[in-house]
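I opened my notebook to look up a few things in this structure. Here is what I wrote down as I went along.

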Amino acid sequence: MEKPKYRVALLGLGNRGWSHLAGFIANEEQFELSAVCSSSGDKLQTVKNRYAGCLTYSDAEQMLAEVRPDVFCFATPPSVRLSLVKLAARYGVKAIAMEKPIANSMQETREIGRLIREHGIQTVVCHQHKYLSSFQKLKQFVQSGDIGDIVRIHGKTRGWLYNSGTHFVDYMLWINGGIKADWVTGHVHGKDKLDDSHPSPAYALGELHFANGVTGIIECGYLSPSYLPSDRFWTDNRLTVYGTHGYAWAETDGRWGAFTRHSGGQILEGQEALWSPAVKDAIQADYTSDLADWMNDPGRLHACNFEISEHGYDILYGICASSLDHARIDLPLPQELNEDIIERMKRELRD
Ligand SMILES: NC(=O)c1ccc[n+]([C@@H]2O[C@H](COP(=O)([O-])OP(=O)(O)OC[C@H]3O[C@@H](n4cnc5c(N)ncnc54)[C@H](O)[C@@H]3O)[C@@H](O)[C@H]2O)c1
């Protein structure tokens, strides 16, 4: 049976916008790039020259009203996510592909969740590193039973909480089979990233307890251990899984390692391709292909579905709240949370 082809409207042609565009083009049997919106006339011209038939716009609402796409993809700053989800709901899109983090506040995140559920919009949030070969290798070690049952998971990233931490909490949930956390404790400090475009404490350390008894630790920011030279700052990240019979880890820069019940007392190590534009495009293509599969068959839940990202957002919030309240934070958090945790950190964290 012939599969449907979904019409895509894309907003934003910055660093990530081009990646999403490449992901749709790599899956042209399943997606048609119908329209692109940007404030840059030059970039729109480049798109026109490369992709005949793709319409170009400088106003997102006009694009959605005229094109009525199946998929609305936006690769824009987190501060404008909610307004775009409102547009998506107004113009009846079937799917949203958005960038991380979901938003800059819990209130906006909750409102986005309410809108996409109310309108039945299949939504993915781009935590795409799980498609890297190093991460897939890690998943094989875990799923094969080579390291036994998972006991503890450690995510660490040099980037700050709501920038890269949103990725790493997502990968911790993913490697644990999507099982959610039921409580979290945390420590945060450092005010210098609270006015960033991704407002965050400069350092965050969280202890997570998952519903299956697995525990985890996440470290985000300048005090998290560094394994790579400073020019690889954005790929200086590692996900490690400790099991009853060994451990395995993967980095976003392609390295992986494992000590397993079959490794004969040795530590196995490998290097997949270093992070590069080609790697970035390859994983984006796989991520995008899975979106078509999910749209074709709602039973094939996308690995980056909104619900898992929303839970990750609750965990990150819980780490901050635990630190400020000196208390364990139980999850899920109440739906009606009105506290602006960033404003609170601005008031309460030491300079
Ligand atoms: N998934 C990943 O690996 C990854 C990597 C880097 C960045 N990101 C995320 O992607 C998002 C975009 O980051 P980027 O690096 O592409 O940024 P960028 O600055 O390169 O691009 C942002 C784009 O959004 C547009 N834009 C800005 N303000 C807007 C507004 N008010 N309305 C509409 N469009 C607006 C800009 O014109 C630009 O085209 C951020 O949320 C960031 O966290 C994700």
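Entry one. I began with a facing pair of residues: R152 sits opposite Y242 of strand 11. I keep in mind that this is a predicted model.

Entry two. Next I asked how the two strands run: parallel or antiparallel? Strand 7 (residues 150-157) and strand 11 are antiparallel, and 7 bridges join them.

I then looked up the pairing of strand 11 with strand 12 (residues 246-251), which is antiparallel with 6 bridges. Here Y242 has Y247 of strand 12 as its bridge partner. The link from strand 11 to strand 12 is a hairpin of 2 residues.

Is strand 11 mostly covered or mostly open? I found it mostly covered, as 7 of the 7 residues in strand 11 (residues 237-243) are buried. I also noted which way they point: N237, L239, V241 and G243 go one way, R238, T240 and Y242 go the other way, and all of them are buried.

I moved on to a pair of helices. Helix 4 (residues 81-90) packs with helix 5 (residues 106-118) at an angle of about 10°, and their axes are 10 Å apart. Angles under 35 degrees count as roughly parallel, so helix 4 and helix 5 are roughly parallel to each other.

Entry six. Which residues make this contact? From helix 4 I listed R81, L82, V85, K86 and A89, and from helix 5 E108, E111, I112, L115 and I116. Sorted by class, the contact between helix 4 and helix 5 has 6 nonpolar residues, 4 charged residues and no polar ones.

How values were computed:
Residues numbered from 1 in each chain as written. Predicted model: local features only at pLDDT ≥ 70, side-chain atom pairs only at ≥ 80, totals over all residues. Axes fitted to C-alpha atoms, helices over the stretch in contact; angles between N-to-C directions. Helix = DSSP H or I, 4+ residues; strand = E, 2+ residues; numbered from the N terminus. Parallel < 35°, antiparallel > 145°, perpendicular 65-115°, else oblique. Contact = placed C-beta atoms within 7 Å. Nonpolar A, V, L, I, M, F, W, Y, C, P; charged D, E, K, R; others polar. Buried ≥ 20, exposed ≤ 12 C-beta atoms within 10 Å, placed from the backbone. Pairing = 2+ DSSP bridges.
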